[in-house]
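Subject: Structure handover

Hello,

Here is the structure you asked to see. My notes on what was found in it follow below the files.

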Amino acid sequence: MKKIILSIAVVLISLVSMAQKPEYYEPMGETLGQFSSVKSVADMQELGNKFQMIANAETTEWLPLYYHAHCYILMSFMEQDVAKKDSYLDVAEKSINKLIEMAPSEAEVFALQSFYFTGRLVVNPMERGQEFSALSGQAIGKALALDPTNPRAKMLKIQMDMGSARFFGTDPKSFCPQAKELLASWDNFKPKSHLYPNWGKDQVEGIVKGCE
Amino acid sequence: MKRTVISIITILISLNVFSQTIIMGKVSEENGDVLPGASAYLKGTYDGTTSNENGEFKFKSNKKGQFTLAVEFMGYEPFSRILDLKGDTIRINVTLKEAFNQLNAVTITAGTFEAGDKKRAVTITPRDMVTTAGAAGDVYGALQSLPGTTTNGESGRLFVKGGDSEESQTYIDGALVSVPYNSTAPNMATRGRFSPFMFKGTMFSTGGYSAEYGQALSSVLLLNTNDMPEEDQLDLSFLMVGVEAAGTKKWNSGAITGTLSYNNLKPYMRLVPQNYHWTNEPESTNGAISFRQKTSKTGMFKFYSSLDNGNFTVRQKNLDAGGQLTDYQLTNDNVFMNASWNDKLGEKWAINSAASFTNNKDDIHFDQTHVVKKIQANYLKSTLSYPFSEKFLLKFGGELFAKTFSQNAQISGVTHDNSFTNHTFSGFTEAQVYASSKFVTRIGARVEYSDYLNSFNFAPRLSTAYKITEKSQISLAYGWFYQNPVDDYLLYTDHIKPERADHYTFSFQSSANERIIKAELYYKDYRNLVKLTSGEFYLPTSYNNSGSGYAKGLDLFWRDKKSIKGGDYWISYSYVDAKRDYRNFPHEAIPSFTSKHNLSIVYKHWIGSLRSYPGINFKYSSPRVYNDPNSTVFNGEKMLPYRSLDVSWSFLYRQNIIFYFAANNITGFKNEFGRTYASSPDVSGNYQSSAVEPSSNRFFVLGCFITLTRRGNANQLDKIN
């Protein structure tokens, strides 16, 4: 009962706030919709710029900044030039540090931070493996402590565990049951609004596919 | 009435629709290149776009009145201009200036090998110090794979650019380390006292260094210890020669690590053939505590303290007593403390303070001689820096170095006591000025006063760097460097002045895609070198500053982590031409510690399927000279060339268990470091001699490193992999 009231309240609050600021919710939703059409680093940067613009206009909202950082992390994964990867992550780092101040109790922020550390690690796994896998693991730990049900934190944890299993020659497939369970329960997690982070299902599907 | 109002509103609205303002233009760099991907928007609105591949942007806005157009792109200074939106088309071309960013800006590279900054292209990382075959986990051993250094197998110390080993200083977290090497017998190689695992970053400067560093004629090695550990852990190391346990406890803003180790070379030396005869193989016990505490959001306090005891007895030929084997017994006790505090004072001021304390005692028995040498040294330095702007940093500070050296020698029942105490007070200031992100100049000066020698010096320093292209730069360094004469002379005289070397360094460096090439030309002018004018070394008047010398050469360095997948290699070559007239030299001559040609080739390869990181290192130094007192030519004899092929293999057995194997000189090249002679001739007028050999032809290390954490998957990858 309590739960129902709570969820109704959440829905109401989000509806109310949406009604209050259509000029924020509409372009945000529209910009989010453009994620699916990104084909290149330049497209992703264009998208990131839009979120930056919204973030500049809406200084109290953390979500535009979140997506801005997300775009730049994804750019570092898409970019082929090693030297550029770090410069994108430098941009992401600034936004993430701001995010942690704006929304210190938001699990999504720390899940994204973990993703960011993984980005740093990927640039040079031999040199950075030790330090950044620890940092990434700590960020996941913070995210799961704030919200043990956060599917993105769970997904990143499975990815990381499988990665280090592969590196150390143990069987990464031992994490497959976890991945399958996460995929099956993915849709149980309801983002607080349609603007909240909702990515990661594709990646879990990929992991599960790799298990077969 | 109502209708009128409505129609007016309708008109107004439609007018509004038809009077959209179009804002368009082009974004380019100062040099005219277009900038795609820049963000152009009206501040505080959602109206904006991104520039296309031609740098062009175009967007519409329904807004009216004054708004600020912002154009931003990462790595460039943001542009903004107030526009009056009236429903027409506004054309505006925007030129963005490259933002000044110290990370991307040119850095002074003449004479320096810097490592540890994660984002910068680095030449040698702390991890390299551990994984370089041949280094066997010794900081100084690893540095000998870099250009500018000459391997002296009978010493193990650093010899840089035609300089003697005393001309190099080591600093930990900004504080001078007075006794950086372990104590050994004459002509026996030593190692550094500190484990490379302690350090996160290093800077090895082989010339032209900052005014912050004095009392070094040739080089400074700056070691920065690890910051906060990631979590609680227990590290266990088992080596053929000893065991070590280190426990780390972390809390919110600090951490403490306690380390205990015990080494005994007896079992190993019984197993592997040795060139020396040991009565008691080297044994050492070490305890250390390292503490770190964040003092504020930006501040960090570090403290390190260690207690060392080592002893051995080796049988050496007593050439002054007919060459019979005689026990050389040494016991060393060393106490070392090092503290540092770095923080910001207010918005802009930054303070770096460091202190160290050393108490070192060597107790030596050889034949009828018993010598006790004691060093007590205190060091204190504080540096303040103030950035007037991003492009102008001013730094100044003071330093106090107090040292007491005493020697008590009992020779055949007669006691000789000698000691000296010196205080060196220094002040320095330095300004670093960026004319642009392409051109930087560092200008500074240092003053020093040593009370024991009653001498005052002024030492100017100047270095610059200029970026010729995105990837390449040239750098110049010039300076005067002073250093007090060696302790063994100061024991007997205060009639001498500090020695001086002037450095002229020109370097070129180019790096791209994990490849780096560096070439450096240098000239060093030595003056005021101390000369010993007679055999009566105990007379203060036997010494003067009339010596001089020079060293010039070329250093080449090439590192490539890119061309071979999983592979990483570097090649160092140094050419040195050095001569000097100092100490007991009868005239100017090539000193025995320099090799004309020095080559080091290092290769490492990660083999994923075997979870292994093997490495190989080949070293060559052309023959050095040595003096045979039986010959009329001073320093006229040549040693064998130095050659060594070293291998190492790290194997990650589990996430937290690493096995490590290393072998030096696997092919068994014969290395010999000249001959050592009796101090006086025998009855037939000949000086007796014996060959100086390494302690063994080959050297092996086999070890296992285990890390235990709560998380269960950390390892000492940084250590050994």
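Of the 721 residues in chain B, 37% count as buried. Please keep in mind throughout that this is a predicted model. Contacts in chain B with a separation of 6 or more come to 60% from residues 24 or more positions apart. The secondary structure of chain B consists of 6 helices and 38 strands. Its C-alpha trace spans about 135 × 55 × 45 Å along the principal axes.

Where the chains meet

The contact between the chains involves 28 residues of chain B and 25 residues of chain A. On the chain B side, at least two residues each come from β2 (39-42), β3 (48-50), β34 (642-654) and α6 (717-720). By class, this side of chain B has 8 nonpolar, 11 polar and 9 charged residues.

Helix pairs in chain A

Two packed helices are described by the angle between their axes and the distance between the axes. I looked at two pairs.

The crossing is left-handed. From α2(A), the residues making the contact are A:Pro27, A:Met28 and A:Thr31, and from α3(A) they are A:Leu47, A:Lys50, A:Phe51 and A:Ile54. The residues in this contact of α2(A) with α3(A) comprise 5 nonpolar, 1 polar and 1 charged.

The second pair is α7 (residues 125-146) and α8 (residues 151-168) of chain A, packed at about 150° with their axes 10 Å apart. Angles over 145 degrees count as roughly antiparallel, so α7(A) and α8(A) are roughly antiparallel to each other. Their crossing, too, is left-handed. In α7(A), A:Ser133, A:Ser136, A:Gly137, A:Ile140, A:Ala143 and A:Leu144 take part, and they meet A:Ala153, A:Leu156, A:Lys157, A:Met160 and A:Ser164 in α8(A). The contact of α7(A) with α8(A) has 6 nonpolar, 4 polar and 1 charged residues.

One residue in chain B

Is B:Met198 buried, partly exposed or exposed? A residue needs 20 or more C-beta neighbours within 10 Å to count as buried, and 12 or fewer to count as exposed. B:Met198 has 18 inside that distance, so B:Met198 counts as partly exposed. In chain B, B:Met198 sits in the loop between β10 (175-177) and β11 (199-205).

Which residues does B:Met198 touch, leaving aside its neighbours within four places in sequence? The contacts of B:Met198 are with B:Thr225 and B:Asn226. In sequence, B:Met198 and B:Asn226 are 28 residues apart, while their C-alpha atoms are 6.0 Å apart in space.

Regards

How values were computed. Residues numbered from 1 in each chain as written. Chains lettered and ligands numbered in written order. Predicted model: local features only at pLDDT ≥ 70, side-chain atom pairs only at ≥ 80, totals over all residues. Helix = DSSP H or I, 4+ residues; strand = E, 2+ residues; numbered from the N terminus. Contact = placed C-beta atoms within 7 Å. Left-handed = near helix turned anticlockwise from the far one by under 90°. Nonpolar A, V, L, I, M, F, W, Y, C, P; charged D, E, K, R; others polar. Axes fitted to C-alpha atoms, helices over the stretch in contact; angles between N-to-C directions. Parallel < 35°, antiparallel > 145°, perpendicular 65-115°, else oblique.
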